[in-house]
Amino acid sequence: MEFTLYDYALSGNCYKIRLFASILGVDYEKISVEFHPSADHKSEAMLQVSPAGTLPILKTDEMVLSETQAMLFWMAKKFDRSGMWWPKDDNPVAQAFVLQWLGFSGDLTATIGQARLNSLFQTPIDKDKIIKASVVALRRLEAHLTEQSFEQKKFLAGVSPTIADLACFPYVALSGDVGAGFGLEHDNYPAIRNWIYEIKSLPGFIAMPGIFEMHQLKDHEIDPAERFRAKG
Amino acid sequence: MNPIERAKQDWYPIAIVNDPRRPKFYATRVLGRDIVLETKMDGSVSVLSDGEHWKTIEAYDHIWTTPSENPRPLFSIPEASERDRRFVPCGVVHVRCSPLRAVENFLDIAHFPFVHTDILGSEPHTEVVPYKVDIDETKDEVIATQVKFFQPQAAKSANEGIVTEYTYRVPSPMNAILYKTCPTRDDVQDVITLFVQPLDEDNCAVWPWMALYDEESSMADMVEFQQLIFLQDRNILENQIPKRLPIDPKMEIPTRADLTSVAYRRWLKKNGALYGALTHAVDQRAG
């Protein structure tokens, strides 16, 4: 076990860590914390673990992290042999781009993430303001991904996925949870849809409630003639 | 009797008993009416709607209310008095769907392999073998028995796939109770319920509650398991068209696997419990 994750199954931020661990093939210990209804992450016992009072918490013998961006960075540096998920030190421009979109992932949590919590559990928010900001965030992402596609770049910071993509993915993919009629459905964002397909196609991808895996045809579902053509 | 008058006769869940995080005045909605639940210093509660006092009772770890002066009695769950069970209120999740759609989804097993993949079902084990559905005339309930299904992880306490046997009770239009094989004991059944608070005809709040024999799982694990299952359903429920539950048999074509749903819809129709239902096919274009 490489680390302990204090986790909540419905949290998009916790999912970032579960997803990256699955992609990297890293074993970890998972402890479920009841975010709803008991708000156990704010309990005295949990504040002893992490005074931030948030989830997820990533703990090792040496450290306790409460920010998902720091967790993703540490996981990339420690477990990613390919050097793809966090750009190498000789490429400061690439590193800066990843940091820029990691920062943007915080905006997504503060907008779509909050609107989703309100929709699920009626947490108090300024709904009009948060929904408007959520739409602005999705449009900004759509514009960026469209520009990237003109240069044949399928991901936020280049041709390959980085930790910035994983940081931004969950709340974008979960925006439908907020509900219909707010302009947050994916129908209006073709570049975002393509990007979601790319991420769902990554080896090691796992789902969470509200984010489905792409349907994979089982052998019995493939028309034999089709299989023959594919081989030919 | 029109649908709203019939719906007013029942009790609806609005909160968890002794929830320390609930504010003194908690505003919510039932049957399209704004209500406020007040919790006093001594823990007693009262419900007000437009200056009108609504009755309240506490049952199955929830606070229930009704606009009726003379409501139908709340249904009974005998297992709730078995002391060695663990009682698990799972919180509330809001869903933009008819309260009846939420109940119907809870009664459906055919979707397990596709929506709750590798938990409540898995491909290729998709067959729903014939089961029995009856109306219990004395209790006036829908009962489905001998519902069997292969489940990779039937409950938090299940370590491997088992063929789970289900019994369903629908004791009132917006509540359903499920009895299922307990993964750790042969002699008892786990009880899982879905209590639905109708906010209005197109929106509901769902309060899952469990009474389990599970001595090992933490409370957080059990609650999370149930929430995870329900959140997988939520996405599907919010995208069903039409939003209200069609009662007219011409509107949706059931298969053999939908027997419980068919009985539920007929029973709603017979009882005039049509709040959240769509009674005429012509309404469909309005979605």
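1. Let us start with burial: 39% of the 232 residues of chain A count as buried. Please keep in mind while reading that this is a predicted model.

2. Next, the overall dimensions. Along the principal axes, the C-alpha atoms of chain A fill a box of roughly 65 × 45 × 45 Å.

3. What does the secondary structure of chain A come to? There are 8 helices and 4 strands in chain A. As for contacts in chain A with a separation of 6 or more, 66% of them are accounted for by residues 24 or more positions apart.

4. Now to the sheet. In chain A, 4 strands form an open sheet, ordered β2-β1-β3-β4, with mixed pairing. Its edge strands are β2 (29-32) and β4 (64-65) of chain A, and each of these pairs on one side only.

5. Strand β1 (residues 4-7) and strand β3 (residues 57-59) of chain A pair in the antiparallel sense, over 3 bridges. To find your place there, look for T4(A), which stands opposite K59(A) in β3(A).

6. Turning to the helices, how do α5(A) and α7(A) pack? Helix α5 (residues 127-150) and helix α7 (residues 190-200) of chain A pack at an angle of about 75°, and their axes are 8 Å apart. With an angle between 65 and 115 degrees counting as roughly perpendicular, α5(A) and α7(A) are therefore roughly perpendicular to each other.

7. Which residues bring these two helices together? From α5(A) come L138(A), L141(A), E142(A), L145(A), T146(A) and S149(A), and they meet A191(A), I192(A) and W195(A) in α7(A). By class, the residues of this contact of α5(A) with α7(A) are 6 nonpolar, 2 polar and 1 charged.

8. Finally, the contact between the chains. It takes 19 residues from chain A and 20 residues from chain B. On the side of chain B that touches chain A, β8 (93-95) and α4 (219-237) of chain B each supply at least two residues. The largest share of that side comes from α4(B), with 10 residues. Sorted by class, the side of chain B that touches chain A has 7 nonpolar, 6 polar and 7 charged residues.

Notes
Residues are numbered from 1 along each chain as its sequence is written. Chains are lettered from A and ligands numbered from 1 in the order in which they are written. This is a predicted model: local features need pLDDT of at least 70, side-chain atom pairs count only at pLDDT 80 or more; totals for chains, interfaces and linings use all residues. A residue is buried if 20 or more other C-beta atoms lie within 10 Å of its own, exposed if 12 or fewer, and partly exposed in between; C-beta atoms are placed from the backbone. Two residues are in contact if their C-beta atoms, placed from the backbone, lie within 7 Å. Ala, Val, Leu, Ile, Met, Phe, Trp, Tyr, Cys and Pro count as nonpolar, Asp, Glu, Lys and Arg as charged, and the others, Gly among them, as polar. Axes are lines fitted to C-alpha atoms, for helices over the stretch in contact, and angles run from 0 to 180 degrees between N-to-C directions. Angles under 35 degrees count as roughly parallel, over 145 as roughly antiparallel, 65 to 115 as roughly perpendicular and the rest as oblique. Two strands pair if DSSP finds at least two bridges between them.
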